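Visitor: I am new to this structure and would like to know what lies behind the words used for it. Please show it first.

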Amino acid sequence: MRNFLFLAVLGAALLSCRQGADESPGRFRSVPAAETGIAFANKLRESWFHNYYNYAYFYNGGGVAAGDLDNDGLPELFFVSNQGPDKLYRNKGGLAFEDITARAGVGGDDRWDTGVTLADVNGDGWLDLYVCASGKERPNRRRNRLYVNNRNLTFTERAAELGLDDPGYSTQAAFFDYDRDGDLDCYLLNHPIAFNTSNDFLAAESKSPDAYESDKLYRNDGGRFADVTMEAGVRNYGYGLGVAVSDFNGDGWPDVYVANDFNTPDFLYLNARDGTFREASREALRHTANFGMGCDAADINNDGRPDLVELDMTPDDNRRRKISMPGMGAQAFRNTVEKGFGHQYMQNALQLNVPLPASPATPGPAPVAFAEIAELAGVARTDWSWSPLLADFDNDGHKDLYVSNGMRREVNNNDFTFYFRKERSEGKVDPTEYFRELNKMPVERVNKYAFRNGGDLRFRNVTGDWGLTNHHFTNGAAYGDLDGDGDLDLVLNNLDSVATVYENRRPAGPGGGFLRVQCRGAGGNPFGIGARVVLRYGGRTQHAEIATTRGFLSATEPVGHFGLGDAGKVDTLEVTWPGGKVSLLRDVAAGQVVVVPEAGAVVPGPPAPAPAGLLAEDPGALSPAFRHRENAHDDFAAQPLLPHGLSAAGPCLVAGDVNGDGYDDFYVGGAAGQSGALYLHAGGTFRAAGGPWAADAGSEDVGGTFFDADGDRDADLYVVSGGTEFPAGSPRLQDRLYLNDGKGHFTRSPDALPAERVNGACVAAGDFDGDGDADLFVGGASVAGRYPEAGRSFLLRNEGGRFTDVTAAVAPGLVQPGLVRAARWTDFDGDAAPDLLLAGEWMPVQLYRNGGGKLALWDAVRGAPATGAPGDGSVPHSIGWWGSVAEGDFDRDGDADYVLGNVGLNYPYQASPAVPFHLYAADFDDNGSVDPVLAYGQGGQVYPWRGRQALVEQLPALRRKYPDYASFATATVEAVFGREALAQARHYAATEFASVVLRNDGKGKFTKIPLPVPAQFSSVNGIATGDLNGDGHADLLLAGNHYGTESETRRNDAGYGLVLLGDGKGRFRPLSPSESGFFAPGDARGTVLLKTPQGGLVVVAHNDGTVQAFRTGRAAGRAVAVRESEP
C-alpha cells in the first residue's frame, strides 16, 4: 500500500513539472501554445458516476483530425473532448491556428465524444466531420454526429437526417467504398460496456450481440445510409478500439481490420465482392495482440502490400513490466484458444503481409496471410499505447512508426488492484465512493515512441534523436503537413494537458525530397478514398492507399505522402481508383503536390499472368495424406517455469531409396499412440506402405535416418524414440532399428541396439572408425521433469550389424554434450575421416575432429584442438537454441560449409554476446524438483524473465521475501535467489539466436554469418539443400516455427517456409512465397528434397499437422547435390 501511494503522490507532483519540460533538439520541435494559438486540453472530471470503475474506457481519451476543411491547401485541426466542447482550429499558415469552434457550430454538447474522422459524405468536394460518442449513457446521449461542411467553415449537423446517428457505444468510424459503387459507405466501430467478463460470457454474447454493442456497416444509398450489418455478415461482439481499411489481399476491393480489446479476437473482414464480408482472422493471422488498441495499415517494406500494426499495453522497462504484468496461466490461455478467440499475447503486433503463391481463382475473397514480426522489428513493447501512425517522417522512402501512449492512472498496477479487491471484499469501500479510491491509484508518466524504419524490417528508437520526448498522457494522434513545407508534422490530443503540435524541421541539404499526391475522384468520392497510389523511380517502388481513419480515434488528411530521399523525380505515378480504372503520369518532378484527376482514367488490360514459382504445392502427391496427431501431454505440470513444452518434438522426416529403384522414398514419424508411415515412390505419387513400426506406435518418433546397418547395401531405418511423457527407463524410449530386405520390406531387429531408454532427439550415421560400415551418433534430449538436465548421448560402433556403446572410450565429451537437437557426420577438415558436428538448445556449436577413430572437440577459430572446457564449444559466441543443420559447399571453394537453424531473431527472448539470455536451474525451493529460471539483461542488470505471480506459484517462499509487486519489480535475479544459490545452479547464457551460415576456410577455421532477415522470422527446424533454379549453385529451403511456448511468451509462428537462392559465393537471396511457390506456415519439424522421375519433390512435416509436398522443376530434381536436415 505504501509503495503505490508513494507513486501516486510522486506522479501527481510530476504533473505540473512535466508541463512544457519536454522540449529537446531534433527533427521535431514542440511548438508552444503561444505560437500555435491552440489552448485545447481534454480535461477529465471524476465523480461518483464518471470514473474508471463505472466505465472502464474512462481514460481512453479523445481523437484528433487533421484535414483541409476550407480547401485552401492547409489542414485544419479538430480535437475531441470527452467532457467539454470539441474544438476546431483554422490553419492560418505558419503553424498559427484560430479557434473557430463557435462560428463553425461543431462544439457539440455534453456527450462523451470519442473518435473523429474525415470524409466527404455528400460528395461535394468538401470534407465533413463525423464524431463518435460512447460512455455509460442513455442511447440518445450516445448518438453520433455528422457535421456536413457548408463550404464556408461552418457546418450543419445532419446525422439523423442521413441515417448515421447511431446510438451504440461508438469508438470510431471509417468511410470507404466497400461496394465500389462510387460513393462512401461507413464502417462503425462499437464496443460492449460489460468489462472484466469471462470467456464463457464472451462466447455466449458473440452468438447474439446487442445492436448497441456490435459494429455496424452503413451503405450509402444515394446520400442516405442504410444499416446493412446483418446482410453483410459483420455483426459481431468485440471491444473494438481500432479499425483500418485497406485492400489486404490485393484483389482491388477494400477489406476491414478491427483491433479488439480484452479476450475478444480481432476481426479481419475480407471483402467477398458481393456486398458481404468473410471473417478470416484465424486463417490469416497466427496470433494477435491481446489488449488491442489502435491500429494502422501501410506498406512498411515497399513490396506493394499493406502491412498492419496493432498496439497493446506491455512496457519495455523491467520495473514497469513487473509491477503491471498480469499472470496468464496455462489453463486460462488454453481456454481462450479453445473458445475460438485465437492466440493472443500482450504485446504490440506488426503483421507483415506475406506475398502468397498464385492460386486458381475461386468464388469469394482472395486469401491473405501475415507474419507477425514486432520482436524482430524492435517495436513489440511501448507501454500502454494508443495510436500507431505509419508514415515517412524523415522523407527517406520508408514508413516510420510513431506511437502515442500513457494511461492517466495506473489501473493495471497489481499492488493497487489487490489492495482494492481486498478493501471491496471486506466491505470497506462503499460502491458509490469507489471513485475516491482513484486518488490512491499510482500515476506515472511514460515517454512516447518514435521508430525510424531502416528499410530492412528493423526499426530504431529515435524518440530522443528526433526531439519527440514527451511525457503527456496522449491518446489520439494525427499527422499532416501543417505548414506546407513537404514533411509531416504531428498533433497529439493529451489528457489533462494542452494539445501538442510538433513541427517537422527537415534538415537542410540533400535528401528529404517528397511528393504529395491528391486524388480527385469522380462521382461521390471526390477525395479518392481507397485509391491505390504507386510510385516507381530509380528501381524503387512505393505504395500507399488514400484513407483518413488511422491510429486511434483519429484521422489524417486524404493525401498520399511519399518521401523520395535524393530522387529528383519519379518515373511513373500510377493511381488505381476504387472502381478499378487507372491513371498514369510519367516523369513527375519531386518537391510538389500533384493533383491526379480520375477523369481520363482508363480500364486496365488483363493483368499479366503471375510467373510460375520454383515450386508448386501438390496436395495429391501422398496417398493417403499423412497427418501427424500430437498426443496431449502437459510438460508444465511438472515444471511450470519451463520456457516451452518438451514433448512435441516430432515428427521426424527422413529420406532414402529403400527399394533400389534409384528414387527417394521417405519415412515420417508418428506421435505417441500413432504409427509412423513409410511412403514409397510409385510413378508420380508416393504411397504409404505398412511396416513393423505399427507395432511400436506407443513410442514417439522424434528422429531417424536411413543407412546400411547390416552391410547388405540397402537402406535400413533407425528411429529415435523420445518425449517427456515417458519417464527415463521406459520401454517406450528405446530406439528402434528396422532392417530392409532390399525391396522396401522391413523387420524390427530385436537385439542390434544396446539399451537406450532415454529421451532421444536425433541420430546421424557415419563410419567414424573407418572399418567400412556405418556407425551412429544418437543425441540425447532433456531428462523428463528435470529440464535443462541433459540425458545420455551415444556413440554406437557398428560391429557386424550389432551396435556397441563406445562413447566413454572414444569420445568422453559426447556422453552428455548437452541438449542435442541436430547432429551431422561431416569431413570439415578434408582428411577423408568423418568428423561430427553437434548443435542444440543452450549449446554452442560443437565440432569433434576425428583423429584415428577418436573424437575430440575442435576450436574452429584457432583451427586447432580445443583447450577450453567442452561447454565453450568450437565457435565462439554460439550458444543458442539450435534445431537443425545442413551441409553444402556454398562458396564453391571445395570444402564443407554449414547452415544451422536457430530460434531466430523474432522471439521474445533476445541474446547477444554483450547481453546474453540466461537460464539458471536448481532445486531452489528444496522440494526435489528442478526449477528452470529464465533471466534477461536490461540496463546492466540481470532480471528474472517471468513475473512475480509465476515465480511465487512455483517457489512459495518468494511470497514472503517479496510481499508485493513493487518490491519484486526491481529485484535482480541475484537479489531474488542469492549469489551462493546461483553459483551452485546450472547456468547457461545464450549469446546467439540467429540462424547462420558457418563458412569454412578449408583450414579448420569457420566464420559465422547470419542468414538474411526473412530467415530470422522464426525457428528453423528443417533445412534442405539443392540447386532449385538450375544455376549450379546450392540453394536452401527452410521450414520451422515452434508453437509450444509457455503461455506468457508469444509462440514462434512467423515462419512460412523460405527459399534462399545461393550465388556460389556463400551469399543467399530470399524469395517470397509468391516467387518461390513455397508456403509452409505450420509448426514444421523437418523438410527433405527428394529425387523423383518428375523432378524434385520437397516434403515438409508439421507437428500436429498434415505433411505438405511441393513439386520442383526437372532441372532442380536433377541437380540435387545434398539433401537433408534430419532432426
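Guide: This is a predicted model. Domain 1 and domain 2 bury about 1,800 Å² between them, and 49% of that is on carbon and sulfur atoms. In domain 1, the residues that lose the most area to domain 2 are R180, L184 and N302, together 19% of what that side buries.

Visitor: Which residues make up domain 1 and domain 2?

Guide: The domain assignment gives 28-360 + 369-408 + 443-504 for domain 1 and 514-548 + 566-597 for domain 2. The contact takes 32 residues from domain 1 and 20 residues from domain 2. The C-alpha centres of these domains lie 24 Å apart.

Visitor: What makes D481 and R516 a salt bridge?

Guide: Their closest N and O atoms are 3.9 Å apart. The cut-off is 4 Å between a side-chain nitrogen of Lys or Arg and a carboxyl oxygen of Asp or Glu, so the pair qualifies.

Visitor: How many salt bridges and polar contacts are found between domain 1 and domain 2?

Guide: The rule finds one salt bridge across the interface, and 10 residue pairs are in polar contact. On the side of domain 1 that touches domain 2, β6 (112-119) and β10 (170-176) each supply at least two residues.

Visitor: Why is H1033 called buried?

Guide: The relative accessible area of H1033 is 19%. Buried means under 20%, so H1033 counts as buried. H1033 lies in the loop between β68 (1020-1026) and β69 (1035-1040).

Visitor: What makes the pairing of H1033 with R892 a polar contact?

Guide: The two side chains make the contact at 3.4 Å. The limit for a donor and acceptor pair of N or O atoms is 3.5 Å, so this one falls within it. Leaving out residues up to four places away in sequence, H1033 touches R892, G1026, D1027, G1062, D1063 and G1064.

Visitor: Why does F706 count as buried?

Guide: F706 has 11% relative accessibility, which is under 20%, and therefore F706 is buried. F706 is found in strand β46 (residues 700-707). Beyond its neighbours within four places in sequence, the contacts of F706 include V654, F666, Y667, L717 and F746.

Note on methods:
Residues numbered from 1 in each chain as written. Predicted model: local features only at pLDDT ≥ 70, side-chain atom pairs only at ≥ 80, totals over all residues. Heavy atoms only, no water. Helix = DSSP H or I, 4+ residues; strand = E, 2+ residues; numbered from the N terminus. Buried < 20%, exposed > 50% of the residue type's maximum accessible area, 1.4 Å probe, protein only. Contact = heavy atoms within 4.5 Å. Domains from an automatic or database assignment. Buried area = accessible area lost by both parts, 1.4 Å probe.
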